Amino acid sequence: MIEPSEMHEIFEEYDKDNLTIATIGSHSALQILKGGRELGFNTLAICKKGREVIYERFGVADHIIVVKDYLELLRDEIINELRKRNSIIVPHGSLIAYVGVDAIENRLPVPLFGNRKILRWESDRNLERQWLSKANIKMPKETKDPREISCLSIVKFPGAKGGRGYFLVQNYGEFLRKSREMLKKKRITKEDLDNVTIQEYVMGANMYLSYFYSPLNDTVELFGIDRRWEANIDGLTRIPAIDQSNVYIEPSYVVVGNAPVVARESLLAKIFRMGDDIVAVSKEIAPPGMLGPFCLETMVTHHLEFFAFEISARIVAGTNPFMNGSPYSYVQYGCNMSMGKRIALELRNALKEKKEHLLIT
Ligand code: AMP
């Protein structure tokens, strides 16, 4: 396990007037790089061949490292180059998906913005549930045993499938019938079924709450709220029921984009309370706890209750609609505050106060 003290030593050797914000060229890299540059940092993107065009065309990266596979990030040559350029890596969903938590914890000895150890807590469903339940956040009931299905439930598969192949069931019989059908159509594998998670389906509207915890100010800020656009489930609502019943349309939940949401103002007090509780618990379970951006992924019911089905312990792509600021970041900071820029601002402030160690692990 790479310890914060090792990274603080490396950071101490860095040229503080010439720091680089580095990230994988994917997910939320545009705003991370743009924000870094706006606060006077150099910027660097590590891109899979073919993707560098995005960061070249938008002109947000001072330097681009092209790789065939993101795992090349773990090679000594690239690690040395990142350190030579005084880099701080900003982690996001693609770093977790393509490099993996094990490697981030043990084989990526480059200073990271945020708490390296907390990333595991978002990647493991059991740890995630422990964290949320300690923070008294309501969650949908969950089981691994399809015989226990007793209400409308969503059947989920792990990891990279990202919403593909999910289906809804009311009882065990329907689970057997639908999973057999999905296997036959090769939409899922036997292994997927062995690792299935079945959750009570929460009726309501989805809201993805993006927060920023500032260790410098010891406050949780509400940054923005989004909803996801998911294919095919969002498209299904545009087909009349009579036509839906004539064809089989896979009701998958694959995220294809994000759209801004503003919550009923009266919900904000609850939203702040949840953010505060999550941060308080994070300090117990994975010291120094949550640092910087995180997101609680919820359904809000017509009783105005939040049910969380996931937490992300880093920037989420749901902040991308707010590259020039969200309604909430406008209230707090005025115009033009993206989450990428908020990260860079915290780093800038930490440098001024000589408190970088509070942010870097
Ligand atoms: P996930 O892979 O857990 O992020 O879920 C993908 C999508 O499925 C979410 O964005 C929701 O639209 C939907 N979803 C997940 N869990 C539930 C649930 N328990 N109840 C209702 N919808 C859910």
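Tutor: Before we start, a definition: Ala, Val, Leu, Ile, Met, Phe, Trp, Tyr, Cys and Pro count as nonpolar, Asp, Glu, Lys and Arg as charged, and the others, Gly among them, as polar. Keep in mind, too, that this is a predicted model.

Student: Into which classes do the residues of the shell around the ligand divide?

Tutor: The ligand is surrounded by 16 residues, and Lys-156, Tyr-166, Val-202, Tyr-208 and Glu-230 are the closest. By the definition above, Lys and Glu count as charged, while Val and Tyr count as nonpolar. The whole shell holds nine nonpolar, two polar and five charged residues.

Student: Which side-chain atom lies 2.4 Å from an oxygen atom of the ligand?

Tutor: Let's go through the polar contacts, which pair N or O atoms within 3.5 Å. Val-202 uses a polar backbone atom, 2.9 Å from a nitrogen atom of the ligand. Glu-310 has a side-chain N or O atom 3.1 Å from a ligand oxygen. The 2.4 Å pair involves a polar side-chain atom of Tyr-208.

Student: How much of the ligand's exposed area does the protein bury?

Tutor: Taken alone, the ligand exposes 480 Å², and of that the protein buries 95%.
Strands S6, S8, S9, S10 and S13 each give two or more residues to the shell. The buried share is 95%.

Student: What span should helix H13 have?

Tutor: Helix H13 has 18 residues, 268-285, at 1.5 Å a residue.

Key: Residues numbered from 1 in each chain as written. Predicted model: local features only at pLDDT ≥ 70, side-chain atom pairs only at ≥ 80, totals over all residues. Heavy atoms only, no water. Helix = DSSP H or I, 4+ residues; strand = E, 2+ residues; numbered from the N terminus. Expected span 1.5 Å × (residues − 1). Near = heavy atom within 4 Å. Polar contact = N/O pair within 3.5 Å; in protein donor to acceptor, adjacent residues only side chain to side chain. Areas by Shrake-Rupley, 256 points an atom, 1.4 Å probe, with all protein chains shown as cover.
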